[in-house]
Amino acid sequence: MADNNAVINGSKQYIVVKINNEQYGIDIGYVDNIVRMQRVTRVPKAQEYFEGVINLRGEVIPVMSMRKKFELEADEITGKTRIIIIKTEAQALVGLQVDEVKEVVTLDEEDIEKTTYDKNREERNEYLVGIGKHADELISLLNINAVIADDV
Amino acid sequence: MDVSQYLEIFIEETKENLQGLSDQFMILEKEPENSDTINEIFRAAHTLKGMAGTMGYKRMQRLTHATEDVFSEIRSGNMKVTADLVDILFRSLDALEAYLDNIINSQDEGQEDNEDIIKLLNDALNGETNGDEEAKAPAAEADSAGINESGNEAQSGDSNDEKRKYRSFTYAEFEEKAIKEAKEQNKNVFAATVWVQESCLLKAARAFLVFKEMEGIGEVIKSSPSVQDIEDEKFDLDFSVVLITEADEEAVKKAILSVFEIEKVYIEQLNPDEMFKPVDTAGKEEKVEKKETHAADNEKPAAKAAKAAEPKKAPANTSNSKPVINRSVRVDIEKLDELMNQVSELIIAKNGLVAVSESDSNTNTQNFTEQIEYLERITTSLHESVMKVRMVPIESVVNRFPRMIRDLSKKLGKKMELYMSGEDTELDRTVIDEIGDPLMHLLRNSADHGLESSEERIAKGKPENGSIFLNAYQDGNNVVIEVRDDGAGIDIEKVRNKAIERGTITEEQAETMEDKDIIDLLFMPSFSTAEKITDVSGRGVGLDVVKSKIEGLGGDIEVRTKKDEGSTFTIRLPLTLAIIQALMIELGDEKFAIPLNSIQTIEDVAVSDVKYVRTKEVIHLRGTVIPLVRLYDILDCPPRDYESENLTVVIVTKGDKQAGLVVDNLIGQQEIVIKPLGKYINIEKMISGATILGDGEVALILDANALV
């Protein structure tokens, strides 16, 4: 499992997901599993962006909505909605609910542009490690640890 | 010899023995003449020494050996037990525990030699006996710094010639050459005869260990009988060797005696100039003298050499590494048999189900139900059995407390006594591991703050000796542990003033608060009423930590106090953590579980019977007023439009408090497996976990304690 600095060195594989109308890349090293949408049990008084918990083969795993996390409009569950199960460095599992999983891409170092500080989008920038260019598309690469561990 | 596979057993047994020693020392302090206790201690020390020796923990072995020596003297009546001696013994016990901790953490006993304790023990030995112990305890001497060195040398010098078999060695030419070369290189050449204890069963193994020790520090150039014969155990009780080494005599002796079951070693520096004179009749007296001066010269370097040799073996600092030992539970073989039986029944039940599914479809349903019932019975009893295996008597936690109270009593200068009951009460292993610290804290609290000083007690007309009680007992599905003292009780006014002073509550609040609520303030973070901070307790971190730890275990804690009569801390813990009986309820279309052990009754209440007290909803039920908790609102359930005329109320209790939880529907009783909710998600106290239902759905478990 790579640490965040290593992500931008050398070539790496990313899972490309769609959240709202943007594409995001998740370092494949963190991904344990991708599951279809299933019944989520609401957890009262948890952080806003947590949808609740699901049962994944006998384990109870919290699921966060990336839309809620990024303060976008509410989720619309479709047949394409997926939960990406992330295994963190602390060996804990957490699910990320995304609109769609598109593909797996391999990005070389030169395809990745480190993010710079952007005044207008300050909020979301801290969750990104860089922007990847693949074919004509731009993929925002998520800083998984920041997304998950963040307690706001 | 690889002994790592015995490590776990060693640790378990050492723990037991140390605990035994601690208990016996406590008895000994009160009854210095109790010969049963003395014998018991001697035996425990002896076993410990043996085990430590076998495992190669030499420092530990030396320390226990010194202890054993002391008790061998006491046992034979040559020595009396004094208060000072008991203090030294307790110190040595602490040191042994420190060794054991090191071993648990790193497999290595660590670098602490505890020379001071060994010296104290030996001094005690020398002070009391008339000096003839040297002969009995050869190893002790080798260990103790030169105090009784000369006596030893003189004795072994004159009386044991016939045992110094190496003197009859004849040397071949190449051996002679090797010895001379060694001398030229300023190495030491020793001849030694090693005597194995008569009771030793594995002489060859011991001899092998001796050889291994010697080869660790030098080179063995000659042995009699031959190495092959020794390995085949073709020797009586002794064997002789010639060793070339850079180490000095003490170090060699020490190395050899470090092997268990070695009775004695006779060792001598060889001097080739004298040895290989044409006529080998050099005066023995002269040789002995020479050796003695040599030994004296070497004393200091010896110590240094020993110290210098040690760090080589020392592993890197291990403070941050994880313990190498898995936590284990000792299980009664009967419990295991029971488990085995149930598993075989489980297989039968499975086969039964297979048979039913294959049989004719008409009779299917009924047989199927029967089989399911059978299966249910088995899984329930299987669960019970597994839980029993996980249960450990609380004794393993509380048995160190008498010692702690003894030390506290000395430290605080108060007279106090700890009375324990119910040590055989069993708790889940995970609880046992966690409960030690909170209990210790409560006991320290009682000792430090609870009990008054002796003068104060006498002035109040109480017995001078303060009493602390630790009682454990099972109460339904809970285990209750009480820590009680007969001290001054909690000064409620003091707590009230302190709380105002600290800004925890306002004066107006203080006016209206009941005493009980005031006492609860003690569990707030950083709240200590001790006027002076002692190192026993009273830094303000404490009761809040105790409380959160106990709540983390799914339990709760309560205090009752009465001025001048004392206070009682009552801890209530669930018997097991993993699987519980729960009542499943429904709120809207969401399901929740309420642990059965906190439920008192379930009532149907008409909406019109709901009264208001201070704008809060209550119901009046059989003479008690019970506040209502609308789970619907508390749990932020999605809004709904209907309101039924009757409320289903689940009455839950926590200690002597009650609350009525309003639910929509009851589903029924179910055995549920508690699962953690995972990291990262913040959960309120009122949710203690989650469980997975039969259909794969996740339901949350409500913690009734947090709702009351």
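Trainee: In E13(B), which residue is the bridge partner of B:Leu583?

Mentor: The partner of B:Leu583 is B:Ile594. Before we go on, this is a predicted model, in which local features need pLDDT of at least 70, side-chain atom pairs count only at pLDDT 80 or more, and totals for chains, interfaces and linings use all residues. Residues are numbered from 1 along each chain as its sequence is written, while chains are lettered from A and ligands numbered from 1 in the order in which they are written.

Trainee: How do strands E12 and E13 of chain B pair?

Mentor: Strands (E, at least two residues) and helices (H or I, at least four) are DSSP runs, numbered from the N terminus. Two strands pair if DSSP finds at least two bridges between them. Here E12 (residues 579–587) and E13 (residues 590–595) of chain B are antiparallel, with six bridges.

Trainee: What is the strand order in the open sheet of chain B?

Mentor: The order is E20-E12-E13-E22-E21, five strands with mixed pairing. E20 (665–673) and E21 (687–692) of chain B are the edge strands; each has a single partner strand, so one side of each lacks a neighbour in the sheet. In a regular strand the side chains alternate between the two faces of the sheet.

Trainee: Which residues have the most contacts inside the largest nonpolar core?

Mentor: A nonpolar core is a set of buried Ala, Val, Leu, Ile, Met, Phe, Trp, Tyr and Cys residues joined through C-beta atoms within 7 Å. Buried means 20 or more other C-beta atoms within 10 Å of the residue's own, with C-beta atoms placed from the backbone; exposed means 12 or fewer, and partly exposed lies in between. The largest core has 70 residues, and A:Ile26, A:Val53, B:Ile594 and B:Leu661 have the most contacts inside it. A second, separate core of 37 residues includes B:Met416 and B:Ile550.

Trainee: Where do the hairpins of E16(B) have a positive phi?

Mentor: In the hairpin of E15(B) and E16(B), B:Arg614 has a positive phi near 50 degrees. In the hairpin of E16(B) and E17(B), B:Arg622 in the turn has one of about 45 degrees. Each hairpin has two residues between its strands. Three bridges join E15(B) to E16(B), and four join E16(B) to E17(B).

Trainee: Is H3(B) mostly covered or uncovered?

Mentor: Mostly covered: 16 of its 18 residues are buried. After H3(B) comes B:Gly77, with a positive phi near 85 degrees.
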